[in-house]
Amino acid sequence: MVAYRIVSGMQPSGRLHLGNLLGALENWRTLQHEHECFFFVADWHALSTNYEDTHQLREYVRDLLVDWLAAGIDPNRATIFIQSRIPAHAILHLLLSMITPIPWLERNPTYKEKQEHLEGRDLSTYGFLGYPVLQAADILLYKADAVPVGKDQLPHLELTREIARRFNHLYQAVFPEPKELLTEFPKVVGTDGRKMSKSYQNTINLSDPEPVVRQKIKTMVTDPARVRRNDPGNPEVCPVFEFHRIFSTSTVIDQVSQGCRTAEIGCIECKTFVADAMVARLAPLWEARNALLANPQRIDEVVEPGCQRAQTISQQTLEEVKTAMKI
Ligand code: TRP
Ligand code: SF4
């Protein structure tokens with residue numbers, strides 16, 4: 001197998017939840033064993049939508065790092081760093097902005113969608129339009145072969161390739177065109193049955209202590225047709241059952257499925273089973289989190305060498321870029 005160089009980033013825009021763990025993080029954890037990985041906190045990207053209120057930004061950056069490490073992202077295998085510590089990201093962003101036609105950015109589907117979606121925020125900013133150019137800089141600086149992304153990020157990656165191609169054509173072939181490693185996100189439902197998402201306030205966070213997790217599961221919606229204890233239910237339409245599918249053993253899944261349809265098992269009991277399974281899965285992560293929080297300088301010890309390595313590599317690429325552009 002050929003090892004790739006892989007780059008991926010996450011925005012520090014709040015607490016990570018189960019959807020992030022099962023989607024991105026566990027995928028990263030696998031990739032770090034097979035490839036050369038660069039994982040970074042995209043704090044400048046977080047400013048593109050949250051520029052007005054930054055008072056929690058530093059805290060979110062730290063939280064993100066704590067969650068990554070607790071989830072098993074290993075600084076001995078992956079280079080972990082913070083975007084804003086590496087000036088080359090900003091410099092390459094500027095240089096690439098010179099060759100990126102505005103219509104490429106305006107036709108980006110996430111641009112219009114988010115602008116309409118995040119009402120109450122003025123997103124007619126230069127930084128927001130240029131978001132994908134910064135992302136291209138993040139990726140191209142490390143000459144990534146591949147980028148693990150969810151479906152929503154595919155347009156950004158396509159744009160990265162277009163920008164790379166344009167640069168290579170105008171000046172010199174400096175950048176490889178990165179391909180996507182599409183992460184098949186298992187769709188994780190939230191406590192209200194919709195997709196788990198911070199904006200719906202239906203998340204179970206990695207930082208939630210056990211009693212909070214249990215309480216959130218207790219108040220989760222179930223099959224709405226199952227009103228009374230002896231009404232039979234349909235697990236296929238119940239979000240609790242989706243958690244069973246992720247966390248429970250096949251024996252429990254069969255038991256619950258059967259017991260729900262025949263009303264032999266009540267929702268309270270069913271939820272206790274899923275809470276137990278979830279708690280068992282999260283317990284090692286909580287333990288690692290608490291150890292890190294008790295020993296916060298450990299986070300700096302990890303990030304420092306990561307930033308240094310990122311700094312060296314990005315600086316090298318930047319020199320090639322400058323030579324190619326004759327500046
Ligand atoms: N745009 C990505 C997201 O919102 C975050 C990101 C920034 C990123 N730079 C990146 C992802 C570079 C992959 C590679 O999820
Ligand atoms: Fe959902 Fe479980 Fe209740 Fe069935 S028994 S409706 S699967 S919570």
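S4 is joined to strand S5 (residues 179-182) by 4 bridges, and the two run parallel; strands are taken to pair if DSSP finds at least two bridges between them. The bridge partner of alanine 146 in S5 is lysine 179.

## Basis of the description

This is a predicted model, in which local features need pLDDT of at least 70 and side-chain atom pairs count only at pLDDT 80 or more, while totals for chains, interfaces and linings use all residues. Residues are numbered from 1 along each chain as its sequence is written, chains are lettered from A and ligands numbered from 1 in the order in which they are written, and side-chain values use heavy atoms, with hydrogens and water left out.

## Overall architecture

The protein has 14 helices and 5 strands, where helices (H or I, at least four residues) and strands (E, at least two) are DSSP runs numbered from the N terminus. A compact globule of 327 residues would have a radius of gyration near 20 Å, and the 22 Å of the protein agrees with this; the radius is taken over C-alpha atoms, and the globule rule is 2.2 Å times the number of residues to the power 0.38. The C-alpha trace spans about 75 × 45 × 40 Å along its principal axes.

Of the 327 residues, 49% count as buried. The accessible surface is about 16,200 Å², with 52% of it belonging to carbon and sulfur atoms; areas come from the Shrake-Rupley method with a 1.4 Å probe, and for residues only the protein chains shown count as cover. Among contacts (heavy atoms within 4.5 Å) between residues at least 6 apart in sequence, 78% join residues at least 24 apart.

## Strand S3 and its surroundings

All 5 of the 5 residues of strand S3 (residues 78-82) are buried, so this strand is largely enclosed by the rest of the structure. Ala78, Ile80 and Ile82 point one way from S3, whereas Thr79 and Phe81 point the other way. S3 pairs with strand S2 (residues 36-41) in the parallel sense over 5 bridges, and alanine 78 in S3 is the bridge partner of cysteine 37.

Alanine 310, in helix H14 (residues 297-325), is in contact with Thr79, Phe81, Ile86 and Tyr142, leaving aside its neighbours within four places in sequence. Alanine 310 is buried, with a relative accessible area of 0%. The C-alpha atoms of alanine 310 and glutamine 83 are separated by 9.2 Å, although these residues lie 227 residues apart along the chain.

Most residues other than glycine have a negative phi. Lysine 143 lies in the loop between helix H8 (131-140) and strand S4 (146-149) and is partly exposed, at 25% relative accessible area.

Alanine 263 also has a positive phi, near 60°. Alanine 263 belongs to the loop between helix H12 (250-261) and helix H13 (267-294) and counts as buried, at 13% relative accessibility.

How values were computed. Buried < 20%, exposed > 50% of the residue type's maximum accessible area, 1.4 Å probe, protein only.
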